[in-house]
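Thanks for coming. I have one chain to go through today, and I will start with the overall numbers before moving to single residues.

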Amino acid sequence: MDAGLPLNKSTLIALAYAFAAAAIFTVVFASAKIVGTNADPIQVVFMRYAGAALVISAITLIVNRGFSGMRSPVLPLHAARAVSGVAGELCIISAPLFMALEDATAIGLTGGVFAMFLAVVVLREATRPAHWLAALICLSGALLIARFQVADRASATSWLGIAIAAAGAVLAGTELFFIKLLTRYDRPLLIMLCVNVMAVFLLIGPALWVWKPLNHSDVGFLLLLGPLALLGQFCLIRAFALADAVIIVPVSYASIPMAAILGYFAFHQSLGPAQIIGALLVIAGGVLLARLPARQDRAPAETVSSNTEG
């Protein structure tokens with residue numbers, strides 16, 4: 001690791017935050033599988049965002065002493081982020097209903113490849129061949145797991161699960177792109193407030209339409225998803241504040257073994273050789289990304305930052 005960035009106390013703390021975020025979001029994205037058919041995925045996502053909206057609103061009242069000044073000049077961008085985030089999360093938590101949890105998680109991680117593509121094409125961020133090699137390794141691992149899933153079951157259900165997981169990956173990558181843009185305009189508290197409140201309004205109608213009665217334990221678990229997801233966001237923000245993105249982003253691949261462990265203990269799922277090899281490829285791609293420079297000069301000519309100055 002001599003070619004990589006040195007590990008100091010701040011980096012180790014940042015990695016701890018990042019691993020905590022990965023663990024938290026593994027549970028959040030497995031929520032539909034945990035409650036099973038007792039709740040519709042739309043109902044699950046709605047309750048998650050409703051709980052988060054209540055908590056972040058209370059935090060805003062305490063920290064900001066009210067909602068005055070909590071206005072954004074880019075509300076359409078927040079709306080686009082909310083739509084992609086809601087749709088992506090619906091796909092992410094629905095996919096494990098049709099396939100193994102760790103398989104759905106692996107395919108979902110390819111959203112980072114799509115976010116990378118958007119960053120290069122739209123934000124004019126410069127990349128090295130090694131960036132694309134790492135992305136290809138990650139994608140290959142996810143495709144290996146997906147191919148094994150179809151060959152193993154050879155059913156429409158497998159294809160449906162893969163399609164849902166792939167759609168979730170694209171939408172998640174799109175949301176990452178919007179988050180990157182939003183950080184140039186608004187502070188984290190406002191970003192989190194906007195997305196959770198907008199998501200509640202987006203989901204309240206569909207959630208009431210498909211609503212199923214729930215037992216007390218399921219209600220308690222789903223209500224805790226909101227604060228839990230906010231805690232994950234906080235951990236991720238703290239991690240990025242303490243270390244460069246190339247240190248933190250690859251840690252998200254830790255959700256692969258975390259999902260496998262959760263699937264093994266909670267859902268009695270087994271791990272086959274193809275799944276293990278695919279997960280190792282995803283992790284190998286993350287390791288390669290971690291050894292690349294944190295920042296590179298942007299491609300010549302236009303940059304998005306020049307648009308923010310106007």
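Of the 310 residues in the chain, 47% are buried, where buried means under 20% relative accessible area with a 1.4 Å probe and protein chains only, exposed means over 50%, and partly exposed is in between. This is a predicted model, in which local features need pLDDT of at least 70 and side-chain atom pairs count only at pLDDT 80 or more, while totals for chains, interfaces and linings use all residues. Residues are numbered from 1 along each chain as its sequence is written, and side-chain values use heavy atoms, with hydrogens and water left out.

The chain exposes about 15,200 Å², and 70% of that comes from carbon and sulfur atoms; the areas are from the Shrake-Rupley method with a 1.4 Å probe, and for residues only the protein chains shown count as cover.

On secondary structure, the chain has 14 helices and zero strands. These are DSSP runs numbered from the N terminus, with H or I over at least four residues for helices and E over at least two for strands. Contact here means heavy atoms within 4.5 Å. Among contacts between residues at least 6 apart in sequence, 89% join residues at least 24 apart.

Now the interior. A nonpolar core is a set of buried Ala, Val, Leu, Ile, Met, Phe, Trp, Tyr and Cys residues joined through side-chain atoms within 4.5 Å. The largest one has 24 residues, and Val44, Phe46, Tyr49, Leu203 and Leu222 have the most contacts inside it. At least two residues each come from H1 (9-29), H3, H4 (75-94), H9 (188-209) and H10 (216-242). H3 gives the most, with seven residues. Another core, of nine residues, lies apart from this one and includes Ala52, Ile56, Leu189 and Leu193.

Leaving out residues up to four places away in sequence, phenylalanine 46 touches Val200, Leu203, Ile204, Ala207 and Trp211.

What about arginine 48, buried or exposed? Arginine 48 counts as buried because its relative accessibility is 6%. Arginine 48 sits in H3, which covers residues 41-63. With the sequence neighbours up to four places away again left out, arginine 48 touches Val28, Glu89, Asn196, Leu222, Leu225, Gly226, Ala229 and Gln233.

Last, H12, residues 255-267. Its buried residues are Ser255, Ile256, Ala259, Ala260, Gly263 and Phe267. Viewed down the axis of H12, they fall within an arc of 140°, so they line one face of the helix; the arc is taken over the directions from the helix axis to the C-beta atoms. Just after H12, histidine 268 has a positive phi of about 55°.
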